[in-house]
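Please look through the structure below alongside its sequence.

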Amino acid sequence: MYLELIKKTLTYSLWPEPGIPIETFNSHRPLLKRTLVSWLAALLRSRQYRLSYHGFARDEESKRAEGLGWPMLADTMIGIKRLDNIQACLEQAITDGVPGDLIETGVWRGGACILMKAVLTAHVVEDRTVFVADSFAGLPKPDAAHYPRDAGDRHHREEFLAVSADQVRGNFRKYGLLDDRVIFLEGWFKDTLPAAPIDRLCLLRLDGDMYQSTIEALTHLYPKLSSGGFCLVDDYALDGCRAAVDDYRRQHGIAEPIVAVDATGVFWRKR
Ligand SMILES: C[S@@+](CC[C@H](N)C(=O)[O-])C[C@H]1O[C@@H](n2cnc3c(N)ncnc32)[C@H](O)[C@@H]1O
């Protein structure tokens with residue numbers, strides 16, 4: 001019941017989502033519309049008003065289950081089904097004694113990592129570390145010379161995806177789950193992952209959206225995943241991420257079947 005409540009809390013499922021201020025996703029709009037929206041929002045703000053977009057409220061329950069859309073207040077955007085998947089894989093790894101720590105590459109507000117720590121705590125597992133890897137400043141600009149699949153990717157323009165390490169630490173603290181077995185790897189994956197103090201992993205969760213972010217995480221971390229460990233991929237519905245996963249699996253002869261979790265999440269268990 002504790003873990004069910006944690007998942008509902010992390011996804012903000014217990015309360016209705018408030019509207020999103022209309023200027024939040026302004027970078028998606030063409031220049032003229034962007035300027036108009038900024039001007040209008042500033043004018044209304046100066047008169048103590050706010051215009052909000054309430055699109056998330058439509059089909060809110062199924063969006064929360066499937067992890068669709070970017071929620072205003074939730075501590076994770078991945079939805080209940082993918083949180084269930086983390087819990088199920090981790091509990092299986094614990095039951096089967098699969099050695100190693102856990103990592104998520106791409107944590108945003110930290111909710112998925114908070115659930116990992118909550119599962120360990122609920123099962124009184126005190127000898128596994130949760131690694132929390134992120135730039136804590138959003139996504140990198142595409143490096144199309146090395147990763148042509150990322151050409152034109154606009155994720156780096158999303159301020160909404162930049163959440164500071166202090167805010168994520170604060171989120172862990174809110175749930176009473178911050179201790180020295182939670183280690184933050186702060187910076188770009190290409191800089192932090194090669195030298196990360198990780199020997200073995202029982203669970204590797206990839207949520208970096210882009211080709212580069214996915215392939216870097218696989219390159220540096222998949223060899224450390226124990227036999228019987230789980231590889232979870234959040235963004236298999238995104239072209240860049242899927243291409244990185246498929247390239248890596250092909251290049252390394254990984255034949256374990258990919259299992260779908262929902263419309264975008266997949267996982268496989270390493271033999
Ligand atoms: C979609 S969000 C992750 C959502 C999160 N797992 C959750 O539970 O809601 C993607 C995150 O990946 C991070 N990220 C993507 N590519 C990165 C890279 N190459 N290096 C460091 N952080 C990266 C971004 O900063 C962002 O926080």
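This is a predicted model: local features need pLDDT of at least 70, side-chain atom pairs count only at pLDDT 80 or more; totals for chains, interfaces and linings use all residues.

Strand 4 is covered on both of its faces.

Two pairs of residues show how the strands line up. Val-132 stands opposite Phe-184 of strand 5, and Ala-133 has Leu-185 in strand 5 as its bridge partner.

Strand 4 also pairs with strand 3 (residues 101-105), again in the parallel sense, over 4 bridges. Here Ile-103 is found opposite Phe-131 of strand 4. A right-handed β-α-β unit is made by strand 3, helix 5 (residues 111-122) and strand 4.

These strands belong to a wider arrangement. In general, the strands of a sheet pair through backbone hydrogen bonds, in either a parallel or an antiparallel way. In this model an open sheet of 7 strands has the order 5-4-3-6-7-9-8, and its pairing is mixed. Its edge strands are strand 5 and strand 8 (259-260), each of which pairs on one side only. Within the sheet, strand 6 (residues 201-206) and strand 7 (residues 225-233) pair in the parallel sense over 5 bridges. One of the residue pairs there is Arg-205 with its bridge partner Leu-232 in strand 7.

Is Ala-255 buried or exposed? Ala-255 has 9 C-beta neighbours inside 10 Å, and therefore counts as exposed; the cut-off for an exposed residue is 12 or fewer. The C-alpha atoms of Ala-255 and Gly-138 are separated by 32 Å, and the two residues are 117 apart along the chain.

The next topic is the ligand. Which residues come nearest to the ligand? Of the 22 residues around the ligand, these are Thr-76, Gly-106, Trp-108, Ser-135 and Ser-213. By type, the shell around the ligand divides into 11 nonpolar, 7 polar and 4 charged residues.

Finally, the protein as a whole is divided into domain 1 (15-66) and domain 2 (79-269). The C-alpha centres of the two domains lie 29 Å apart. Their contact takes 5 residues from domain 1 and 8 residues from domain 2. On the side of domain 1 that touches domain 2, the residues divide into 1 nonpolar, 2 polar and 2 charged.

How values were computed:
Residues are numbered from 1 along each chain as its sequence is written. Two strands pair if DSSP finds at least two bridges between them. A residue is buried if 20 or more other C-beta atoms lie within 10 Å of its own, exposed if 12 or fewer, and partly exposed in between; C-beta atoms are placed from the backbone. A crossover is right-handed if, with the strands pointing away from the viewer, the path from the first strand over the helix to the second runs clockwise. Domain bounds come from an automatic or database domain assignment. Two residues are in contact if their C-beta atoms, placed from the backbone, lie within 7 Å. Ala, Val, Leu, Ile, Met, Phe, Trp, Tyr, Cys and Pro count as nonpolar, Asp, Glu, Lys and Arg as charged, and the others, Gly among them, as polar. A residue is near a molecule or strand if its C-beta atom, placed from the backbone, lies within 6 Å of it.
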